[in-house]
Amino acid sequence: MSATPSAVSVKDLTKRFGNALALDAVSFDVAPGELFGFIGPDGAGKTTLFRILVTLMVADGGSAIVLDDDVVRDLWSLRRRLGYMPGRFSLYPDLSVEENLGFFASVFGTTIQREYDRIAPIYSQLEPFKTRRADALSGGMKQKLALCCALVHKPEILFLDEPTTGVDAVSRREFWDLLSRIKGPELTIVVSTPYMDEADRCDRVALIQRGKILAIDTPHALTAAFDRPLFSIAAADRYHTLQAARGFPRVQAVYPFGATLHLTDARREVPAAQTVAELSSYLREHGVPDAHVEQTPPTIEDLFISRMGAPDDRVVA
Amino acid sequence: MTELAIDAKELTRTFGSFTAVDHITFDVHAGEVFGFLGANGAGKTTAIRMLTGLLRPSSGSARVAGYDVATESESIKQVIGYMSQRFSLYDDLSVRENIELYGGIYDIPRAELRQRVSDVLTQLHLENAEKELVRSIPLGWKQKLAFSVALLHNPKLVFLDEPTSGVDPVTRRQFWELIYEAAHRGTTVLVTTHYMDEAEYCDRISIMVAGKIEALGTPADLKRQAGVSSVDDLFVALARSA
């Protein structure tokens with residue numbers, strides 16, 4: 001078998017459920033050793049895509065090659081080579097930590113002892129609780145156990161479907177730290193999340209919405225692709241300020257963003273300083289005396305919003 | 001003096017030898033959007049159950065909209081609304097039926113309810129979807145509908161449990177606009193979430209760690225005091241020092 005240039009190569013993948021188009025001609029490539037993220041809301045098609053890639057569902061059109069194996073034709077070879085962590089907790093709740101892991105190892109004809117080195121970074125954190133039933137673990141610990149079970153047969157690629165959804169901030173951070181530690185030339189990781197702020201933990205991300213990929217690139221390149229200056233408005237009364245800013249004659253878009261509002265100017269060519277001056281005086285004249293306007297760097301979420309709103313959402317990779 | 005929507009003093013709840021909520025003292029002003037944060041197991045749910053009159057405190061006190069949580073819990077239930085990500089609407093009832101059901105539960109007079117139902121449908125642009133089963137409408141609509149239903153009886157205070165998880169960023173902002181609008185009209189909003197960017201939308205936040213409130217203030221002040229750039233960093237620093 002020749003060396004593969006891509007760990008995952010997907011072309012025009014399409015899947016329908018009745019009238020609903022879950023995946024609409026999706027194409028992308030993941031390089032070996034990459035930590036690649038799919039970011040999008042519920043219903044974007046992330047789970048459907050992952051199920052097709054791990055050979056649990058067959059697409060209606062297009063092709064998907066994972067590690068040189070076709071996901072339909074070569075499923076028996078591929079299944080031994082990939083690890084999959086579904087979005088819903090899918091371990092045995094009434095088995096202990098050790099029993100769950102031992103079970104998954106035995107399915108692949110191996111043992112915890114034999115694979116210990118590979119899983120040690122994660123399993124060492126679970127070992128103090130190895131006799132505890134899986135359903136008695138905290139959310140973060142459950143996710144670590146599920147990751148361990150997906151890794152125990154030494155897969156070459158991991159598919160993790162929303163591993164951090166519903167997990168608290170500390171556990172989420174620990175989970176991403178673990179992924180950074182275990183990824184490498186021997187292990188490609190494909191992960192999905194609905195949380196835009198997790199994009200920075202990935203080498204590259206695909207933004208996905210309603211079955212279509214809106215953009216694919218490194219997190220830095222994605223925010224750099226934001227096509228005009230972005231401004232933040234800080235004022236005590238956000239509700240009133242939002243109403244006032246909507247009336248700004250040059251406004252392209254304005255929306256709440258954390259403690260501030262974000263606004264873009266419809267005139268792309270105008271210097272940022274001019275927008276700041278015009279917008280500040282407009283807001284002062286319209287009942288927002290304390291508005292503080294400044295240019296601000298766009299985030300992944302700003303880009304997602306701008307691409308979502310665009311009439312033409314072609315892939316821009 | 002501003003009116004207090006929540007006034008908790010040394011509020012405590014123990015289960016056997018375990019102290020789930022450990023002498024928490026905080027207040028929430030009328031019309032404020034307050035973020036109630038904490039890691040899994042930090043005691044948020046127990047605190048909320050006491051504040052909604054569902055669980056008696058072991059010691060300490062709390063007044064919600066002026067009523068004592070220990071002795072006037074039935075009055076509290078009349079003046080609060082509650083929306084949870086997991087359960088708020090009946091999937092096998094239509095949009096209109098869901099609104100009418102909640103109106104009935106809160107004893108809203110028939111003529112008034114008819115007007116409110118029509119107001120909600122108009123505000124959410126759901127006029128043409130009123131006969132659709134809730135099961136079949138998009139998640140973003142469901143969340144906005146659940147919020148409007150929680151506000152149907154004009155509560156003084158509404159509790160939101162992870163209101164926007166899983167929706168797209170535009171729908172999420174539409175949801176926050178509904179929250180700001182409700183707060184602007186004087187409704188107090190208490191949001192529990194463990195997604196930290198959501199916290200940045202709040203006027204003030206508290207962070208619970210192991211049953212205690214370890215931080216209380218505006219997101220900007222708390223970040224400045226801790227020398228961090230996001231509520232996420234602040235949260236992780238507090239939780240790890242526990």
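At what angle do helix 6 of chain A and helix 9 of chain B pack, and how far apart are their axes?

## Helix packing between the chains

In this predicted model, helix 6 of chain A and helix 9 (residues 231-241) of chain B pack at an angle of about 95°, and their axes are 9 Å apart. Angles of 65 to 115 degrees count as roughly perpendicular, so helix 6 of chain A is roughly perpendicular to helix 9 of chain B. On the side of helix 6 of chain A, the contact is made by Ala169(A), Val170(A) and Arg173(A), while helix 9 of chain B contributes Asp232(B), Phe235(B), Val236(B), Ala239(B) and Arg240(B). Sorted by class, this helix pair brings together five nonpolar and three charged residues, with no polar ones.

## The wider interface

Taken as a whole, the interface places 25 residues of chain A in contact with 28 residues of chain B. On the side of chain A, the elements that give two or more residues are helix 6 (169-182), helix 8 (238-246), strand 12 (251-257) and helix 10 (300-309). Helix 10 of chain A supplies the largest share of that side, namely four residues. The residues of chain A that touch chain B divide into 14 nonpolar, five polar and six charged.

## The six-stranded sheet

Within chain A, six strands form an open sheet with mixed pairing, in the order 6-7-8-3-9-10. Strand 6 (82-85) and strand 10 (212-217) of chain A each have a single partner strand and stand at the edges, so one side of each is left without a neighbour in the sheet. From one strand to the next, the twist averages 15°. Helix 5 (residues 139-151) of chain A packs on this sheet, where it touches strand 6 and strand 7 (157-161) of chain A, and its direction makes about 160° with that of strand 6 of chain A.

Strand 3 (residues 35-39) of chain A runs parallel to strand 8 (residues 188-193) of chain A, to which five bridges join it, and Ile39(A) has Thr193(A) as its bridge partner in strand 8 of chain A. Strand 3 of chain A is also joined to strand 9 of chain A, again in parallel, by four bridges, with Phe36(A) partnered by Arg204(A).

Strand 9 (residues 204-209) of chain A is mostly covered, six of its six residues being buried. Arg204(A), Ala206(A) and Ile208(A) lie on one side and Val205(A), Leu207(A) and Gln209(A) on the other, and both faces are covered. Strand 9 of chain A and strand 10 of chain A run antiparallel and are joined by five bridges, and Gln209(A) stands opposite Lys212(A). The hairpin of these two strands has two residues between them, and there Arg210(A) takes a positive phi near 45°.

Another open sheet of chain A contains four strands in the order 2-1-4-5, with antiparallel pairing. Its edge strands are strand 2 (20-30) and strand 5 (69-70) of chain A, each of which pairs on one side only. Strand 4 (residues 61-66) of chain A pairs with strand 5 of chain A over two bridges, and Ile65(A) has Asp70(A) as its bridge partner.

The largest nonpolar core has 92 residues, and those with the most contacts inside it are Leu53(A), Val66(A) and Cys148(A). Helix 5 of chain A gives the most to this core, seven residues. Beyond its neighbours within four places in sequence, Cys148(A) is in contact with Leu101(A), Ile119(A), Ile122(A), Tyr123(A) and Leu126(A). Apart from this core lies another, of 72 residues, which includes Ala62(B), Ala65(B), Ile179(B) and Cys202(B).

Technical notes. Residues numbered from 1 in each chain as written. Chains lettered and ligands numbered in written order. Predicted model: local features only at pLDDT ≥ 70, side-chain atom pairs only at ≥ 80, totals over all residues. Pairing = 2+ DSSP bridges. Axes fitted to C-alpha atoms, helices over the stretch in contact; angles between N-to-C directions. Contact = placed C-beta atoms within 7 Å. Nonpolar A, V, L, I, M, F, W, Y, C, P; charged D, E, K, R; others polar. Parallel < 35°, antiparallel > 145°, perpendicular 65-115°, else oblique. Core = buried A, V, L, I, M, F, W, Y, C linked by C-beta atoms within 7 Å. Buried ≥ 20, exposed ≤ 12 C-beta atoms within 10 Å, placed from the backbone.
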